[in-house]
Amino acid sequence: MINLLNEGYSKPIFFEKGKGSRVYFKKKSLIDLSCGSGTLLLGHNSNIFTKSVRELLSKKYSNFSHPNTSAIKLSKNLKAFFPKFDKFVLCTTGAEANLKALRIARAATGKKIIINVSGSWHGSVDQLLFQSNKSNKLESLSAGLSDDIKKDIKHVPYNDIQNTKKILNKLKKKICCILIEPIQGGFPTNEGYDYLRFLNDYCKKNNLIFFIDEVLTGIRTNCSSVQQTYNLKSDLSTFGKIIGGGFPIGIIGISKKLTKKINKFKDKKIFFGGTFSGNSFSTHVGNQTLNFIKKNKKKIFSKLEAD
């Protein structure tokens with residue numbers, strides 16, 4: 001791997017191409033340790049990716065900006081990976097999926113307070129661009145956020161059941177959802193099982209929406225999800241990254257219980273649309289990628305776990 005300091009690179013590097021685990025610039029290469037920020041389980045320009053892209057051209061797929069056969073195939077396929085969900089909403093990115101999922105939670109409950117677990121990352125979404133300081137007070141991660149947003153977001157300390165419960169007990173009548181990234185990008189550990197189980201049981205007992213953000217961990221965790229592995233029951237979940245096979249995508253999974261509640265709405269609707277939501281490019285390549293991963297599950301995940 002190239003040492004950028006020794007090579008004298010003081011300016012941003014703009015990559016030109018990628019293959020396998022490497023990305024290239026000016027006839028040199030670096031190992032991409034994140035593999036496209038977690039989107040490329042099979043590496044850059046894998047055989048399945050290039051084959052899928054060729055199929056897009058040969059079959060004359062386009063951005064129909066309407067329901068299409070590729071999106072339908074992907075939606076049906078998602079059920080095999082995430083069987084606990086009744087309905088899937090296709091979005092353009094993981095951040096967009098989180099934004100729309102919050103919309104669902106507020107519409108379904110009529111409440112405003114979002115409980116976010118400290119340390120979780122949910123993309124560039126205004127409502128969630130806050131972090132907790134040492135006193136568990138909220139600090140903005142960006143300028144340009146409305147002051148009204150801050151009053152509707154509360155943080156609870158990750159892996160601290162006692163203090164989390166105190167905060168939840170004070171606010172539970174105002175909560176629209178409890179949101180967590182189960183294995184946090186900034187704090188990657190498997191030590192939070194008891195905490196996840198606590199949140200799962202607390203939401204069930206108090207009839208609160210449990211919202212698990214698995215944009216990063218979906219598929220990557222044993223070809224399914226953290227919640228499937230730990231037998232958790234979320235009402236809302238978001239997925240993305242790997243599912244697009246290298247193209248942008250976001251997915252919202254909605255439980256049967258929540259779907260029934262939404263279907264009872266009489267005077268209100270939840271808007272999900274987007275120009276590239278469910279586009280045939282991402283859904284076709286994503287579907288082909290999922291099929292390949294499913295077929296080669298044992299080989300792929302045994303190697304990942306060994307590495």
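Visitor: Where is C35 found?

Guide: C35 is found in helix α2, residues 35-38, where helices (H or I, at least four residues) and strands (E, at least two) are DSSP runs numbered from the N terminus. This is a predicted model, in which local features need pLDDT of at least 70 and side-chain atom pairs count only at pLDDT 80 or more, while totals for chains, interfaces and linings use all residues. Residues are numbered from 1 along each chain as its sequence is written, and side-chain values use heavy atoms, with hydrogens and water left out.

Visitor: And what is the phi of C35?

Guide: It is near 45°, a positive value in a residue other than glycine.

Visitor: Is C35 buried or exposed?

Guide: C35 is buried, its relative accessible area being 17%; buried means under 20%, exposed over 50%, and partly exposed in between, with a 1.4 Å probe and protein chains only.

Visitor: What about S65, where is its place?

Guide: S65 lies in the loop between α3 (47-58) and α4 (69-81). The phi of S65 is near 55°, again a positive value in a residue other than glycine, and S65 is partly exposed, with a relative accessible area of 42%.

Visitor: Switching to strands, what is the order in the open sheet?

Guide: The open sheet has 3 strands in the order β1-β2-β3, with antiparallel pairing, and two strands count as paired if DSSP finds at least two bridges between them. The edge strands are β1 (17-19) and β3, each of which pairs on one side only. Neighbouring strands of this sheet are turned by 30° against each other on average, direction ignored.

Visitor: How many bridges are there between β2 and β3?

Guide: Strand β2 (residues 22-25) and strand β3 (residues 28-31) pair in the antiparallel sense over 4 bridges, and the bridge partner of V23 in β3 is L30. These two strands form a hairpin with 2 residues between them, and K26 in the turn has a positive phi of about 45°.

Visitor: And which residue stands opposite V23 from the β1 side?

Guide: That is G18, which stands opposite V23 in β2; β1 and β2 pair in the antiparallel sense over 3 bridges.

Visitor: On to helix packing, at what angle do α7 and α8 pack?

Guide: Helix α7 (residues 161-171) and helix α8 (residues 193-206) pack at an angle of about 20°, with their axes 11 Å apart; the axes are lines fitted to C-alpha atoms over the stretch in contact, and angles run from 0 to 180 degrees between N-to-C directions. That makes α7 roughly parallel to α8, given that angles under 35 degrees count as roughly parallel, over 145 as roughly antiparallel, 65 to 115 as roughly perpendicular and the rest as oblique.

Visitor: Which residues make the contact?

Guide: I161, T164, K165, L168 and N169 of α7 make the contact with D194, Y195, F198, L199 and Y202 of α8, contact meaning heavy atoms within 4.5 Å.

Visitor: And at what angle do α3 and α11 pack?

Guide: α3 and helix α11 (residues 280-295) pack at an angle of about 140°, with their axes 9 Å apart, and that makes α3 oblique to α11. On the α3 side I48, F49, S52, V53, E55 and L56 meet S280, F281, H284, V285, Q288, T289 and F292 in α11.
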